[in-house]
Amino acid sequence: MNDAVGEVREAYLCRKAKNPHYSMRAFATFLEISPGALSDIFARKRPLTSPVAKRIAARLFPEPTAAEDFLAKLQGAEVRASRTVLSRNEELEISEATLAMMTDLLHIPVLALFETQDFRPDVSWIASRFKLPVPKVQQILERLAFLGFIEISDGRYVLATGPTRTSNDVPSAAGRVLHKAILKHVIDGIDSVDVSVRDVQSLTLAIDTEKIPLAKVLIDSFIKTLSDFLRAGDCSEVYQLNIQLFPVTKVRN
């Protein structure tokens, strides 16, 4: 997050990731502002004014330099009432703290569903596409709205970001949970999804491990090329692409 509101939200999410019971009310009390004001600031319904920002900076950043950097983000910029909409080609990297709030496998697929040509901003319709209970989908939508990925416009949910991605090669407990959920989804569905609409392949071979860094670059390039190819045109379904380069023998240091 590169703005002041995003930085405050990130601080809250970090605490929430460490303690799932930590509430926004507790965070607001710590910042010495009202819970309602904090909620409105997070939702971009209320500007983060200089006096409030100075109070937050004093609580969040004991180091003067960090507090000054935080306050500098407000200077010369208008704080908008709604989240900035990113370019469709601009990827938003999901931070570790945010990802920790999205460990339910459905958060990212629900986001992707917004990009299909016949998408309906209706909770019941979204639930029917995933064969899930409406309350479950409602909970996911509310979480995505809180995190800033979607917003409510004229009573309907709409995307507030472009494509999203997670960090590569960064140890992440939340990322491991998500990857396990994705792999379990493939395992659970391999017997029920017709082979005509899926492709699962594996290759086992002896390799020169010194080539792994370049192999990862090639995999990233392939994923980007295939992603651009598949996303072009009239999108109708949500798919997951999983590629694993994983050791079978015990790796020797």
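Analyst: Happy to! Helices α8 and α9 are roughly perpendicular to each other. Bear in mind that this is a predicted model.

User: Why are α8 and α9 called roughly perpendicular?

Analyst: Helix α8 (residues 123–130) and helix α9 (residues 134–147) pack at an angle of about 110°. Angles of 65 to 115 degrees count as roughly perpendicular, so that label applies to α8 and α9. Their axes are 9 Å apart.

User: Which residues in α8 and α9 meet?

Analyst: On the α8 side they are V123, S124, I126 and A127, and they meet V134, V137, Q138 and L141 in α9.

User: Thanks! What makes P109 buried?

Analyst: P109 has a relative accessible area of 12%. Buried means under 20%, so P109 counts as buried. P109 sits in helix α7 (residues 107–113). Leaving aside residues up to four places away in sequence, P109 touches F130, V238 and Q240. P109 and E237 are 128 residues apart in sequence, with their C-alpha atoms 9.9 Å apart in space.

User: And how do you know that F222 is partly exposed?

Analyst: The relative accessibility of F222 is 44%. Partly exposed lies between the 20% limit for buried and the 50% limit for exposed, and therefore F222 gets that label. F222 is part of helix α11 (residues 212–231).

User: Which residues form the nonpolar patch on the surface?

Analyst: F222, I223, L241 and I243 form the patch, and together they have about 340 Å² of accessible area.

Key. Residues numbered from 1 in each chain as written. Predicted model: local features only at pLDDT ≥ 70, side-chain atom pairs only at ≥ 80, totals over all residues. Heavy atoms only, no water. Patch = residues over 30% accessible without salt bridge, like charges linked within 9 Å, V, L, I, M, F, W, Y side chains within 5 Å. Areas by Shrake-Rupley, 256 points an atom, 1.4 Å probe, with all protein chains shown as cover. Salt bridge = Lys/Arg side-chain N within 4 Å of Asp/Glu carboxyl O. Helix = DSSP H or I, 4+ residues; strand = E, 2+ residues; numbered from the N terminus. Buried < 20%, exposed > 50% of the residue type's maximum accessible area, 1.4 Å probe, protein only. Axes fitted to C-alpha atoms, helices over the stretch in contact; angles between N-to-C directions. Parallel < 35°, antiparallel > 145°, perpendicular 65-115°, else oblique. Contact = heavy atoms within 4.5 Å.
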